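Thanks for making time this morning.

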2 protein chains.
Amino acid sequence: MPGASEHDLIAWIRGQAATNSQTQVGIGDDCAALRFTPGRQVLVTTDLLAEGRHFRLAETTAEAIGRKALAVNLSDIAAMAGTPVAAFVAVCLPAGSAAEVAQGLLRGMMPLAREFGVSLAGGDTNSWGDGLVVAVTLLGEATERGPVFRSGAKPGDLIAVTGRLGGSILGRHLSPLPRIDEALKLHEVAPIHAMIDLSDGLSSDLRHILRESGGLGALLEAGAIPVHADAEEMARRDGLSALHHALDDGEDFELCFTAPAESFRLWKQALGDDFRLHQIGTIRAEPGLFIRLEDGRVEPLAPGGFDHFLRVDTTDPAGTNERPS
Amino acid sequence: MPGASEHDLIAWIRGQAATNSQTQVGIGDDCAALRFTPGRQVLVTTDLLAEGRHFRLAETTAEAIGRKALAVNLSDIAAMAGTPVAAFVAVCLPAGSAAEVAQGLLRGMMPLAREFGVSLAGGDTNSWGDGLVVAVTLLGEATERGPVFRSGAKPGDLIAVTGRLGGSILGRHLSPLPRIDEALKLHEVAPIHAMIDLSDGLSSDLRHILRESGGLGALLEAGAIPVHADAEEMARRDGLSALHHALDDGEDFELCFTAPAESFRLWKQALGDDFRLHQIGTIRAEPGLFIRLEDGRVEPLAPGGFDHFLRVDTTDPAGTNERPS
């Protein structure tokens, strides 16, 4: 709709927006009015994507950005073992192509919203001369068992991740698969103690669980880290190891969680072949994040710092590594 | 904190953030976890303020922008007769002064958050080379009587506003007083049928009530419109009438609502001198928004279009009026 007014655009969005039974009133009033299951906690997350920081509109599409903006928020609801309910989208659109970009964003978002039963229940549409900004706030609700926090890990817990890691920069980072269903299925069968979604990389994000759980430690097993084929491709390109990429790369959007061995036993029993988990290590009472290499040596693992001791090509000058130490 | 990292900044914000008993977990996990009163609708609103569109950072302060960003969302909760609960703030900060601006925004927001019992329960902090963006999503809950929608007006309802209108551009627009307490007090005593907060101006915003209530009409009484002293000052400056400014100016953030005469009788009885309402007209079954001038003539009232027939200085060229027609 070239030349469309903001009013026309909002009317179009209102016509396209997904809805659901929990959304009593969505777009079109001062507030949305939502109904949640009595007694369940309401879960809320906000992620903002901005031109030049998270994407370049010239190098991708508004559809891809819209999809990702919703997907990263769905991943946060997954990390609480919650069910998503309603999304709110505030945007700053480029003035010259506001309606086209808005429509592209929505076309990217709506299939994912429908897949996960999420309504588009409100937002704020602006255009300006600066870069595209897409801020999504997603509401969900906890299951009967309650939300899974980062703070619930216990010494002796096993640590697991839901998929292969590393190298998402090759393209996967744009279309993450939110692990909503996986988290709900696991949490229904047996308790998860602590959980986080992997956005900054395993070596960084696992530390949040350790810190929020009262200063615990963890020992990872290098041989058990599930390395994605993209991590191997990145290793061929930059000379760092594939394991480095699996530990330090961001934007995998897999879940990392801890649970007692009994939960793992119950999951194997109940879920059989659906049980696609990778056990990667153990929570310990002693603080500090460590990794046991395949030769048996145990090394400290710094956040985003695996490169410092496992570079494949040790002749590379240190300065070529742009990751923060 | 010049040179502070994003991590330091978030730790500082987490230390400053207001909280409340409904916020089980706020900043620091993948999602916030909130508790709402069982059976009450959850109300959600999002408003985004952007550099150059809603403010110029060079001409105001980060404190004022932060305060306003929260206040306009509180006004939306007021318009549903709801109680505010938790705010989520996503920002794009100017890269050169990210920490200072973030701290200013928060200093502006927190007193207002505490005044209305709102927690700062999450957000997303980014910095970039473009303009400042502040996107606030505010959650609230309806009272036992339920939310007041725009869609509930009935023929015969009286129309009222909560304060004097016009000329907010002289400064009031930066520090609106959200009418939360007023709306709760009224709605507790007697039903409000339909309500909206005045952001685009009475002549525009009242039309939303008329349209959403099934295509009703309204007749306003020119002599009853409460004209703010700022509207009179604007009239002296630009030659339009003060009434024009009261009808068409935006950003008053007063509430406009409709209710049966019986509600007004009960409010007068119960609230006495606290009853600071201005009755301005009547809802009618016949579509169309009209105004009765003080000389008895009835004229149609276009959105933002009062200037077309009530310019005080009729010798002014039409081109000097920058309001949309």
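Let me begin with helix α2 of chain A, where 15 of the 17 residues are buried, so the rest of the structure largely encloses this helix. Please keep in mind that what we are looking at is a predicted model. Buried here means under 20% relative accessible area.

Now to the two chains. Chain B can be superposed on chain A by a rotation of 180° with 0.0 Å of shift along the axis, at an RMSD of 0.0 Å, and that is the relation of a two-fold axis. Among the residues of chain B, the one that comes closest to this axis is Pro38(B), whose C-alpha lies at 2.3 Å. Since 100% of the interface residues of chain B are also interface residues in chain A, the copies meet through the same surface.

Next, the sheet. How many strands does this open sheet have, and in which order? There are 6, with mixed pairing, in the order β1(A)-β2(A)-β3(B)-β6(B)-β4(B)-β5(B). β1 of chain A and β5 of chain B stand at the edges with a single partner strand each, so one side of each is left without a neighbour in the sheet. On average, neighbouring strands are turned by 25° against each other, direction ignored. Within chain B, β4 and β6 pair in the antiparallel sense over 10 bridges, and Phe88(B) has Thr137(B) in β6(B) as its bridge partner. Finally, helix α1 of chain B, residues 6-16, lies across β4 and β5 of chain B and runs at about 160° to β5(B).

Technical notes. Residues are numbered from 1 along each chain as its sequence is written. Chains are lettered from A and ligands numbered from 1 in the order in which they are written. This is a predicted model: local features need pLDDT of at least 70, side-chain atom pairs count only at pLDDT 80 or more; totals for chains, interfaces and linings use all residues. Side-chain values use heavy atoms; hydrogens and water are left out. Buried means under 20% relative accessible area, exposed over 50%, partly exposed in between (1.4 Å probe, protein chains only). Helices (H or I, at least four residues) and strands (E, at least two) are DSSP runs, numbered from the N terminus. Copies are superposed by least squares on the C-alpha atoms of residues with pLDDT of at least 70 in both. Contact means heavy atoms within 4.5 Å. Two strands pair if DSSP finds at least two bridges between them. Axes are lines fitted to C-alpha atoms, for helices over the stretch in contact, and angles run from 0 to 180 degrees between N-to-C directions.
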